[in-house]
Amino acid sequence: MTDTTTATKQRNPWVVYGTLLFGLFVMMLILSMNPPAYPAISADLGINSAYIAWMSAAYSMGAAVLSPVMGRMGDLFGMKKILLFGMGIFAVGTLLMGIAPSFAVILCGRIVQGLGVASVMPACMAFAGRFFPPDKVAKAYTVFGAVCSGGCIFGPAIAGWLCTSFSWRVMYNASAATTAVAFLLPLFMMPNVPIIKRERAKFDVMGSVTLFIAVGSLLILPTLASQIGWTAPLSLLLIALFVVFLILFIVVERRAASPLVNLDMFKRRSFVVPVLMFMIMGGFTTAFMYYMSYYFTAGRGLAATMSGTWTMVFFLVMTVCATVVSRLLAKVNWKIVAFIPVVAYGAGSLLFGLCSNSTPVYVLFIGAVLLGFGGAFNTPLPTASAMDGVSDESRGGASGTFRMIGDLGAPLFVSIFVPLLSILEANPDGTPNFAASFPKVSMLMLIPAAILLLLAFVYPSHDPKQDQKPAA
């Protein structure tokens with residue numbers, strides 16, 4: 001192994017980190033443009049709106065499933081190379097969507113977009129954990145979370161303007177060009193980060209294949225089963241593929257000399273508990289964004305811009321509150337901090353659960369503030385805890401594994417809770433009554449809030465004041 005003392009020094013890590021985060025900001029901005037374009041895409045290509053759910057599943061196939069793979073590639077070949085590859089391939093995927101002649105090509109573009117994100121996010125997370133001193137790591141992860149949420153603030157509004165004034169194709173083509181320009185900043189400003197070499201550090205091909213099939217089957221299953229039924233042969237086949245290849249993956253990783261995923265991480269409470277909290281909080285956030293869209297437009301008959309404004313406020317609060325989170329993580333034991341987002345999510349769920357068709361709109365925006373405040377903890381707290389103690393040579397793979405498991409929360413929550421909006425309190429003719437079902441489903445969200453509370457009680461303790469003490 002090379003000397004990690006010299007390998008992990010950077011003259012000014014914030015400058016290099018900024019180049020990484022700028023590319024991530026652009027990608028998050030573009031990704032947040034997707035939902036406003038969905039109606040125009042379905043109308044232009046003549047597809048049923050129900051199939052739009054496949055765009056989310058396709059993206060998750062790239063972003064979640066491939067995160068450990070690309071994180072491990074960063075460990076082996078260097079952060080800069082994988083970062084530039086990710087930004088470049090993201091631009092290609094976005095352009096592919098802009099020129100797509102069919103929905104199948106758009107799905108391919110979404111997968112490629114996901115691959116780009118799977119390359120960039122683990123690189124940013126690994127850099128923060130490797131090159132910042134212990135007392136600055138939590139702050140670096142907080143900035144990372146703020147950039148992710150900040151990029152989503154104005155994306156929907158920009159997308160609405162481009163789709164209305166021009167077309168959804170112009171939106172994607174312009175986004176691809178923007179990504180290509182953003183590619184130049186890390187290309188010229190980011191130095192080549194030294195690789196920490198290890199003996200027999202070979203890429204785990206079999207682990208990558210078995211993991212892709214296992215997790216990919218799990219991601220596709222909810223969307224497909226909601227359309228053809230859970231007992232359909234194809235749904236049962238996906239269940240079988242998930243179980244069989246998950247077992248194969250565990251066997252392969254146990255025998256691999258340089259595994260894609262270090263399964264010993266799952267023996268550590270300091271990794272398992274934070275990643276589970278990250279998964280639930282991410283699913284919490286995504287589910288409520290879906291809920292509000294249906295409740296505002298189909299339930300209350302309000303303009304779609306109202307839903308967009310609610311989303312913008314939500315992300316704005318997440319971004320602004322990042323400074324609060326940063327200070328808390330620098331001064332307060334992380335186990336205590338873990339209870340704060342639980343309270344925010346629980347209060348937001350209860351508030352929405354008490355809503356009715358006549359609830360003032362400002363009350364709904366109070367809920368956006370509560371959820372946004374809770375969401376501000378989503379990335380920095382679990383990430384800092386899970387990466388604490390991970391060796392430098394394994395940070396890329398560990399970061400990718402963390403993102404993969406955490407990113408499963410969004411599709412799982414959407415597949416479990418969002419369909420309940422159409423089922424609970426339905427009209428006599430079977431049509432959904434979103435105004436009546438929204439508070440019912442919001443009350444059900446107290447169940448994952450209760451799980452978060454249990455996880456907070458067993459959350460790993462970490463005193464940040466110890467990080468500020470000089471090494472002996």
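Begin with the cysteines of this predicted model: a search of the whole structure finds zero disulfides. Select cysteine 124, which takes part in no disulfide. The nearest cysteine sulfur belongs to cysteine 148 and lies 7.8 Å away, whereas a disulfide requires a pair of cysteine sulfur atoms within 2.5 Å. Display the surface at this position as well: cysteine 124 is buried, with a relative accessible area of 0%.

Next, select cysteine 321 together with cysteine 152. The closest cysteine sulfur to that of cysteine 321 is in cysteine 152, at 16 Å, which is too far for a bond. Is cysteine 321 buried or exposed? Cysteine 321 is buried, and its relative accessible area is 14%.

The tour now turns to a pair of helices. Two packed helices are described by the angle between their axes and by the distance between those axes. Select residues 339-353, which form helix H17, and residues 434-444, which form helix H23. These helices pack at an angle of about 155 degrees, and their axes are 7 Å apart. Because angles over 145 degrees count as roughly antiparallel, H17 is roughly antiparallel to H23. The crossing of H17 past H23 is left-handed.

Key:
Residues numbered from 1 in each chain as written. Predicted model: local features only at pLDDT ≥ 70, side-chain atom pairs only at ≥ 80, totals over all residues. Heavy atoms only, no water. Axes fitted to C-alpha atoms, helices over the stretch in contact; angles between N-to-C directions. Helix = DSSP H or I, 4+ residues; strand = E, 2+ residues; numbered from the N terminus. Parallel < 35°, antiparallel > 145°, perpendicular 65-115°, else oblique. Left-handed = near helix turned anticlockwise from the far one by under 90°. Buried < 20%, exposed > 50% of the residue type's maximum accessible area, 1.4 Å probe, protein only.
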